[in-house]
Structures are given as structure tokens and as C-alpha cells.
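Please look over the model shown here before reading my notes. I have kept them to the points that can be checked against the atoms.

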Amino acid sequence: MSTPLGSARYAVGIDLGTTHSVLAYVELSTGLNAELNTELSSAPKILAIPQLTQLGAVGEANQLPSFIYRPHDQELAPGDLALPWCAAPSALLGELARNLGSKTPMRLVSSAKSWLCNGAIDRHHAFLPLHSPDEVAKMSPLEASTCFLEHLRDSWNQRFPEAPLQDQEVILTVPASFDPGARELTAEAARAAGIQQLTLLEEPQAAVYSWLQASGDDWREQVAVGDVILVVDVGGGTTDLSLIAVSEEQGNLCLERIAVGEHILLGGDNMDLALAYRIKAKLASEGKKLQPWQILGITHGCREAKEQLLADPSLDAVPVVVPSRGSKLIGGTLRTDLTRDEVTQTLIDGFFPLVDVSEHPEQQTRGALNQLGLPYAKDPAVSRHLAAFLSRQQGAADGLLGESHGSFIQPSVVLLNGGVFKAPQLSERVLGLINRWLSDVEADPARLLQGLDLDLAVARGAAYYGQVRQGQGVRIRGGTASAYYIGIESAMPAIPGIEPPLEALCIAPFGMEEGSEVTLKAREFGLVVGEPVRFNFLGSTTRRADVAGDQLDDWDPEELEELPEIQANLPAEGRRSGEVVPVRLVSRITEVGTLCLEAVTLDGAQRWQVEFDVRAPEVR
Amino acid sequence: MSIQFSLTPVSVDFLHLVLVVLVVVLVLMLALVLLLSRRKQSPTPRVESEPSVPPVAPAVLQESTPDAALQLLSVLQQDARFLDFVHEDLSSYSDADIGAAARVVHEGSQKALSTYFTLAAIRSEEEESQLTLAAGFNPSEVHLTGNVQGSAPFTGTLIHRGWKATEVRLPKLVKGHNAYILAAAEVEL
């Protein structure tokens, strides 16, 4: 570990979510205590986060909505934004930002996290809120993430002035599907917010840690050697999938994360919106036309009505009301019903249809002719994304658990996380779907693991991971969940009109552990001083056998995913511009958990970092 | 806000209700303070300087700051459209229309109350059941009615369980915040 743990009193887990952020913490045991407390870990606590609830009023909540509002300078009175730690904060975020933004969307920054992993844009460039007029102060996805972390830091420091966050062990969660660039940007945001002892942790793993913590020693009774745990984490904006295998080493159960899914921009918010549009269509057929602001009200109403309907099977319909905007409340208020059939058809059949395991969503090509916007999943069926994931990862556990057969990997245990699964019908449906696939191949049905607090589990699990790093409890192994490649043009005679085919050179193998380093010895690159050199960058979540230096000239399009381009930039200091310097590529997994690519001179004397976030030239 | 100088309230509105509640609370507090102060004083022998005049403690009536009350109104308006609802003239609307609006008020008030207060019943017994109050019960928690005579223990029927706030989490107001603005006017551009 890069920093001595002795100085940290707490492990702080931060779930920096697309729609909400949560901070959990647990006291670390020190020195002798660590040995005594091996299995006696206390449950992580949730920090109540102060935030503006109205202009000039500060309340506290467990969740900090991930929204930033960029107010007009005449919109506010002095002191309206004061927080306990600052009379005039530079950013307005949290609950009030979301409320103000619902009425003035053009000033609202939302989904910053999804932008952070969108390689089609320069993530250091200030362009959010998207498509807003020039006079609205813009910020970059990186700045937005930094703002949330700063707010959490200040909340923490306010509550624990004797133990400032910079001295604590901070575990920040990221989607398992985040590419190296997005991970690095997340770490950069944390550094900018003054977090010094940082570790990144994949969100589905954090959910598993939360389950481990909640189960105590009992977890060994709930899973056995040979089990494959499927984690389905459906957040507000994204769906994240992971597989964890249970194996044995010297008589002890081991957990190893063997695969992660693609980044799917599909979550609980899509489901509420789908219900709202269904209600809108129903009202339209009754001759009632909705205003845009009423759609928003309907979406809010649908979320609550949906939860009631899915929790209570005896209800057939729940009223949804949208209050009028003016002071005349009666008469102007719109009332309609959300029925059980509507919820079943829209959510259960729309998002979790009972499809065959061979039905997969259409492949989306990343960045191809995409308008500037977020690459939302085109296929809303979580079922098909899940089927594709399990099929693609067919042999993922073979290395650990022995050879398997069939067209998909067969999970024996399922862990569900995310607010969506508060509805028992939805969790039953997901389990039912998986068991249907399993029964089709005559496998035993999967079991559901219980005991997660669906909104807070990721932050809690992250805090608990801080204790695990101290040696308390079991650690999930796994390393990186992708192998990485750079694309190079193959040497072949030029044919007019045909681009030379791309070959993929493996620069970092699958499963690299924190702190390990791989040098690509076989191949040298010539970098031109003062001229940025761009590389095509690719990743694979299935090619487990490739080692650094392997060169692929042919691959299945499903195997390799094109990632945002990367760029090596040699500063001109001490060299002539235009000089060609021979270098080797070195890849390393940092202690933080990010991938670091470096160009190193042949004698090893000089190193330059290869950048993941290639900046658009017009921006700089 | 207009101020009426007549001695009896000319209208029963929220303000007067608040005032009535405040008066009751203050009287009860005063009684409690007097009770406690007497108990404290009893062990030490009192030096009677003027035995001819019985001592009368002057009632210390504290001026309550209106900020918290205004803040509550503001929260109820924001979450539950409370002020809008109370100011509507119900006579011209159908029960269905009133019902739709009542849902807004009910859902919103519930949300506001659960966000900003922790409320609990004072008595855990079933209503309409018999219970006995031992001597020394807290008269501000339990109010005796009907055939009130004799001395404790009292046996009677629980009519209402009562409510008490065990925790208040009202948002903290920024210094200088004008709490008299309960809901800003909204102008869409």
C-alpha cells in the first residue's frame, strides 16, 4: 500500500452515483486491536449530508442527489446558498439543485458520471449543461464530479473536524464497466477534491462486500465451492453486471471476480419515464393533453405508485396526481390511475421480458455517427443485456472451476442491488428469468442472496472494504476485468481505396493485480517529439489468455471493444522538435486501481504518461 | 397580515390556532416551572423577609420567534400545497375534485412530517381501553377529563393516544433569511 494505514482513523466509502451519492464510514481498528477484532467488524454508518432543501434552508439527508444547478445571477438573494461550512459556495447542488432544475432544465447539470465515461467527448472540456445558452456558466464532467466530492468532503470535515477526509482511507466506487480513461478521470476528480488516500472499487463488488459484512461469518453457509455469483446492479441511470466465482484454497473459501459486463446506460429512471409516457398516452386518448411540466409530475407520481403496486399484490390501481402550478389547487389538479396491468406490461414485460438466453440486444457501435449525447441503451430489455452477458462469458469460470458446457455461464447464486429491486415482483422476475434459462439446460435453480439495503449497500460495502484491506474478512480477488490492446496498422502493400487492416497488440493482459507492471519488450515505437501520437485503444472482457506482446490480426467483433483513443505526447524539453525517440510501452495498475500507460525510453531513464482523455484540439 | 385589536378572535384561522396552542403550551410550561421550583426550594429553609405578603412569582412570558412557525408553513406549502388548499373555497367544487387535491395535501404533508419530525404516540395502549394513572403522572402528557375528582391513582378510558415529537429536524435557516416569504411567486420566462 502506498500510504501507511496508521494515520487513517476511518475507512470512508463513497458511492458517487449517476443520480445519488452516498457516504458511509467505519472506524478502522489500529495496531493490536486489528488482530483482536478480526471477525468483529462494526457495521458501516451513513453520513447525513447537509444540503440546501430550499433557498436559505439547510437540511440533512442520507443521499446527495447528483445534480448541479447553474443559477442566473438575478435568481438568488445573497446568502441563499449558504452552507454550514461556506457562506457563498460556488456550486449549488443536491436536492435544491434537482428541484430548481426540474423547472429550469437548461441550467441543470445531470448525469455527469455518464458523461465521464463517454469517450466521444473531451471530458475536461466545460460543456455542461448541454445545449444551454452561452451565458449559462459551463462545467466539465470532471469538474461536476469534483463538485460532488468536495461537497461530501466538506460534509465530512464538518462532522469530523478532528479527522479530516484527506487523512482517511477513502474507497470510491466506480461501475465495473468503466474504461481505464473513466477510472483515471474519477481518480483525478478525487485528487482535485483533496482526497489523498484513494482506492477505486467496482460497484458490484462493493455490493458483495456489503452482503459479506451483513452476513458476518454466516456467508460461508450461504455459498459453497463451485458457486458462480451473478451480481445485477440496476442504479438510477446504469445497469452493471459482474460474475464472482467461489473457489477453495488451502481449505478456505475464496471469492474471485471473473467477469464484468458492458456499460449499459439503462436504469430505474428509464422505467419511471416509461410509465409516465404510458400515462401520457392514456390521458391523450381521453382527450387530455399534458404540458411538459406535468410529465415531470407524472414521473414523480409514477415512481411512488409503482413502488406501492409492486410491493402490495392486493392493490389493483394506485392514483397518481399532478398538482396544478398556480395557487388554485382544486380543479387544476390532474388525477389519473396507474393500474397493475400497466405496471406489469411496461416494467416487467418491457424491461424484464421472459426471453430466450440466445436473444441479445443489437450491437451498438460506440461513437459511430453519434450525435453529441449520451449513448443510452437502445434496447430497454435488461433481460437481453443479461442474456448477452452470460453468453459472452460462457467460459469465464473454467480456469477456476473446471471446464463448463452449454452456450452460457450458469450462475448458481444471484445478488440484486439498486432501488429498482425494492419491488419484490421485479427481483422475483429476474430470478425467475435466470432460473428459466437454467432449467432449459437442466441445471439447478439459482438462489437469491438477501440482506442488502438496496440504496446504501454500495457505500456501506466500500467502507467495509477499507477494513478488509486491513486484513479483516475475505477479499474478492480478480485484478483488471479486461485485457487492453492498441490498434496498429498492419504492414501490407497499399491498395487504393482500402484502408490497411488494423491489428491489435496486447499491452496489458486480463487480471492484472494492483501494483503489477508489464513491459512490452518485443516492440519499440518511435515517438516524434512535440507531436502528439494517437493510438487506437481496444479492450476485451473475454480474452483471458493473451499476454502482453501478443498481436491479433483477426478477431470476432464481439470480442474486442473499441475504446476512446489514447495519446502519447512528448514534451520538447531538451530535444529538438521533430526528433524521433524510440520508446517501449509499459502498463501498470496503480495502487489506486487505475491503469497507467507509460512510454519509456529504451534505457529506462525517461517516462511519459500516455493520456486516456484525448483533448479535442479546438478546446485547448 | 392585518391585525385585529378585538379581544376575541374574529376568525378561526391558522394564526389564531397557533396562538391558542402557544398559550396552552406556555401555561403548562409555567405550571411545570413553578412545580419544579417549589420542589427545589423545599429542602432549604426559606428566609422570610416580608412574611406578611405571600410571594407571587411573576410569570415570565417568553416572546416566541415566529421563524420556526413560518418555516413550517413554508415547508407545508412547498411539499403539500397546504396554504393553497386551505385558502380554496370548497363550496364550488365537487368532492372528486376536492379529493384529488386532498391527495396532494395528504401525501405531501406525510412526506414533510416524516422528513422533519419523528412523532410518537404518548400512550401505547389501545384507545377505548381502561388504564390507570399512578400518582406523579405528567399532566402535560395526559389530560384528565370528565369526572375529575379524588386523588391518584386514577382509572379511566383512553380516548386519544396523544402525539409527541421526539425529534425535530427542521432545516437550519441561513442567517438573514426572510422567513416571512412562505413561497416565492413564480414567473415563467
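Predicted model: local features only at pLDDT ≥ 70, side-chain atom pairs only at ≥ 80, totals over all residues.

1. Residues are numbered from 1 along each chain as its sequence is written, and chains are lettered from A in the order in which they are written.

2. The contact draws 18 residues from chain A and 19 residues from chain B, where two residues are in contact if their C-beta atoms, placed from the backbone, lie within 7 Å. On the side of chain A that touches chain B, strand 4 (49-54), strand 5 (57-61) and strand 15 (317-322) each supply at least two residues, and strand 5 of chain A gives the most, with four residues. Strands here are DSSP runs of E of at least two residues, and helices are runs of H or I of at least four, both numbered from the N terminus.

3. Strand 5 of chain A is joined by two bridges to strand 5 (residues 172-173) of chain B, and the two run antiparallel. Within this pairing, for which DSSP must find at least two bridges, Ala57(A) stands opposite Leu173(B).

4. Chain B has four helices and five strands, following the pattern α-α-α-α-β-β-β-β-β along the sequence. Of its contacts between residues at least 6 apart in sequence, 72% join residues at least 24 apart.
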